[in-house]
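Thank you all for coming. Please take a moment with the sequence and the structure before we talk through them together.

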Amino acid sequence: MRAEWLRGWLVVLGLIGAAGAAAATGWQSLDVGRRQLLAPFERVWPDLPEPLREQILANAEHWQRLDPLAQARLQQRHAEWLTLPAEQRQRIRARHAIWRALPEARRQALQARRSAFMTLSTDDRAARRQAFLALPAAQRNALLLAPERRALAGLARKLFPFVPAEQQESTLAMLDALGETARAELERGALRLPPWQREALRVELLETPVAERAARLRQRLR
C-alpha cells in the first residue's frame, strides 16, 4: 500500500514518467527494505536516469520518516489530486518544474516575499489581490517575472513567436537552464533559421534532458 501511494505521489510531483539513459545504480544494489518500498518501480528502474533514481529514493526515505498523521495528510492530497482535470494537473506539474529549476537564492527570495505577504491582514491581502487582478494581463505577467526572467521572456518572444500558451513557462525554464553561453549561441544561430525550423528546435530542446541540451543545440546549429 505504501509503495503504491509513493508511486502516485511521485507522479503528482512530475518526478516519474520520463525515460532516460541507464544509470550506474542497479535495482539489485538496493537493500531489501528499499526494494520492497519501491516495488512499483522495479520494471522501469533500468530506464530511469540517475538523478531521478536519487530523487525517488529521497522521497521514499522522507515518507518513511513521516509520522502516521503526516502520511495520512499526504494520502489525502494525493486523493484530491486524482480528482483534478488532466489539464489542470498538467499546469500544476509545469509550475512545479519551473519552481524546481529556479536557483536556490531565487526560491528563498520568493518564499520571503510570500511570508511577508501572509503577515498582512486579511483585508489588506484581499485589496492587493484585487489591485493586481485589475491590471492588464501583460503588466501582471511582467510583475510576476524577476528581471532575469523578463529578459528570458523577451528572448523567447524574439526566437519563438508561435509557442502554445501551455508551453510558455516550460520554454522559459528551458532557456534559463541552457546558461548564458548556450543562449547566446541559440540567439545567433536560430535567427538564421525560418520560423518553422526554430519551432522544431524549441520542441526538440524541451524533449532533451537538461544536461544534454547545450550539446544538442550546437549539433543542430551546425
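This is a predicted model: local features need pLDDT of at least 70, side-chain atom pairs count only at pLDDT 80 or more; totals for chains, interfaces and linings use all residues.

Are Trp-27 and Trp-45 buried or exposed? Both Trp-27 and Trp-45 are buried, where buried means under 20% relative accessible area, exposed means over 50%, and partly exposed lies in between, with a 1.4 Å probe and protein chains only.

Residues are numbered from 1 along each chain as its sequence is written, and side-chain values use heavy atoms, with hydrogens and water left out.

Let me begin with the overall picture. The protein has 13 helices and zero strands, where helices (H or I, at least four residues) and strands (E, at least two) are DSSP runs numbered from the N terminus. Of the 222 residues in the protein, 29% are buried. The protein exposes about 14,200 Å², and carbon and sulfur atoms supply 55% of that area, as computed by the Shrake-Rupley method with a 1.4 Å probe, where for residues only the protein chains shown count as cover. If we take the contacts with a separation of 6 or more, residues 24 or more positions apart account for 59% of them, a contact being heavy atoms within 4.5 Å.

Now back to the two tryptophans. Trp-27 and Trp-45 form an aromatic pair that is edge-to-face, at 5.6 Å centre to centre and with 70 degrees between the planes. The rule here is that rings of Phe, Tyr and Trp (its six-membered ring) pair if their centres lie within 6.5 Å, and that planes under 30 degrees apart count as stacked, over 60 as edge-to-face and the rest as tilted. The pair links distant parts of the chain, since Trp-27 sits in the loop between helix H1 (2–12) and helix H2 (32–37), whereas Trp-45, 18 residues apart from it, sits in the loop between H2 and H3.

That brings us to helix H3 itself. Its 16 residues, 50–65, should span 22 Å at 1.5 Å a residue, and the end C-alpha atoms are 23 Å apart, which agrees; the expected span is 1.5 Å times one less than the number of residues. The buried residues in H3 are Leu-52, Arg-53, Ile-56, Leu-57, Asn-59, Ala-60 and Trp-63. They cover an arc of only 160 degrees around the axis, which puts them on the same side of H3, the arc being that of the directions from the helix axis to the C-beta atoms. Pro-51 and Arg-65, by contrast, are exposed on the face of H3 turned away from its buried side. Trp-63 counts as buried because its relative accessibility is 2%, and its C-alpha lies 9.4 Å from that of Leu-74, which is 11 residues apart from Trp-63 in sequence.

Helix H12 (residues 195–207) can be read in a similar way. Its 13 residues reach 19 Å from the first C-alpha to the last, close to the 18 Å expected at 1.5 Å a residue. In H12, Arg-198, Leu-201, Arg-202, Glu-204 and Leu-205 are buried. They cover an arc of only 165 degrees around the axis, which puts them on the same side of H12, while Trp-196 and Glu-207 are exposed on the other side.

Which residues touch the most other members of the largest nonpolar core? Of its 17 residues, they are Leu-159, Phe-160, Leu-175, Leu-178, Leu-186 and Leu-217, a nonpolar core being a set of buried Ala, Val, Leu, Ile, Met, Phe, Trp, Tyr and Cys residues joined through side-chain atoms within 4.5 Å. The elements that give two or more residues to this core are helix H9 (147–159), helix H10 (168–178), helix H11 (180–190) and H12, and H9 gives the most, with five residues. Leaving aside neighbours within four places in sequence, Leu-159 is in contact with Leu-186, Glu-187, Ala-190, Leu-191 and Arg-198. A second, separate core of 15 residues includes Leu-37, Leu-38, Ile-56 and Leu-57.

Ala-151, in helix H9, is exposed, with a relative accessible area of 52%. Ser-170, in helix H10, is partly exposed at 26%, and its C-alpha is separated by 7.6 Å from that of Leu-206, 36 residues apart along the chain.
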